[in-house]
Amino acid sequence: AALLVSVFLLTSCATENPNSKSLGKIVSCSAIETNPNITSGTTLECLDGNSKIVLEAIKGPAIINVWGSWCAPCREEMPFLRELAATGKVKIIGVDVEEPNIEKGRKFVVNQGITWPNLYDRDGSTKSTFGMGVPVTWYVNSESEVVYKHIGVLNSKRQLFLQVEKHLGVKL
């Protein structure tokens with residue numbers, strides 16, 4: 001009986017998959033606020049397949065996070081972005097790049113618990129804007145200006161939250 005209780009206690013303390021708690025969802029890009037005066041630039045389709053957004057017209061305060069489903073560091077920083085999204089104080093917009101097809105990106109969104117709108121760079125048109133590597137995180141102010149670019153993985157919730165406060169003036 002003691003052995004059975006020990007096995008039960010050990011297995012009940014096993015680490016739970018963080019993605020199993022809440023699955024993500026494909027969110028409409030209609031929630032993305034844009035500057036109506038900016039009508040030309042890099043136009044990307046929404047991962048939901050129903051709309052398109054001019055990247056340069058995105059209005060903040062917002063974070064634009066560039067990722068790919070094949071990118072291990074992108075997966076590492078998703079928990080911090082989910083925590084930021086949970087505050088409801090800053091909009092997050094994802095940009096899925098370098099996918100073999102749109103379904104890979106959609107699956108990543110669901111599996112990673114992403115609950116914010118995501119754009120899809122079908123043809124690599126953002127390489128000249130964001131650069132070659134991912135992850136990349138841009139901080140956009142209310143005037144649609146990129147005020148800071150973080151290249152590489154976000155290493156902690158603290159790092160992300162401090163950057164939001166410093167560059168977007170949003171207290172978290």
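Mentor: Gladly, and first a term: buried means under 20% relative accessible area, exposed over 50%, and partly exposed in between, with a 1.4 Å probe and protein chains only. The model is predicted, so local features need pLDDT of at least 70 and side-chain atom pairs count only at pLDDT 80 or more, while totals for chains, interfaces and linings use all residues. Residues are numbered from 1 along each chain as its sequence is written, and side-chain values use heavy atoms, leaving out hydrogens and water.

Trainee: How many of the six residues of strand β4 are buried?

Mentor: Helices (H or I, at least four residues) and strands (E, at least two) are DSSP runs, numbered from the N terminus. Strand β4 covers residues 91-96 and is largely enclosed by the rest of the structure, because the buried ones among its six residues number five.

Trainee: Which residue in β4 is the bridge partner of I64?

Mentor: Two strands pair if DSSP finds at least two bridges between them. Strand β3 (residues 62-67) runs parallel to β4, with six bridges joining them. For I64, the bridge partner in β4 is I93.

Trainee: Which side chain does the side chain of N141 join in a polar contact of 2.8 Å?

Mentor: N141 is in the loop between β6 (136-140) and β7 (146-151), and it counts as buried because its relative accessibility is 17%. A polar contact is a pair of N or O atoms within 3.5 Å; within protein, one must be able to donate a hydrogen and the other to accept it, and residues adjacent in sequence count only if both atoms are side-chain atoms. The N141 side chain reaches the backbone nitrogen of E143 at 2.9 Å. At 2.8 Å, the side-chain partner is E145.

Trainee: What is the angle between the planes of F130 and W138?

Mentor: Rings of Phe, Tyr and Trp (its six-membered ring) pair if their centres lie within 6.5 Å; planes under 30 degrees apart count as stacked, over 60 as edge-to-face and the rest as tilted. The whole structure holds three aromatic pairs. F130 and W138 form an edge-to-face one, 4.6 Å centre to centre, and the angle is 65°.
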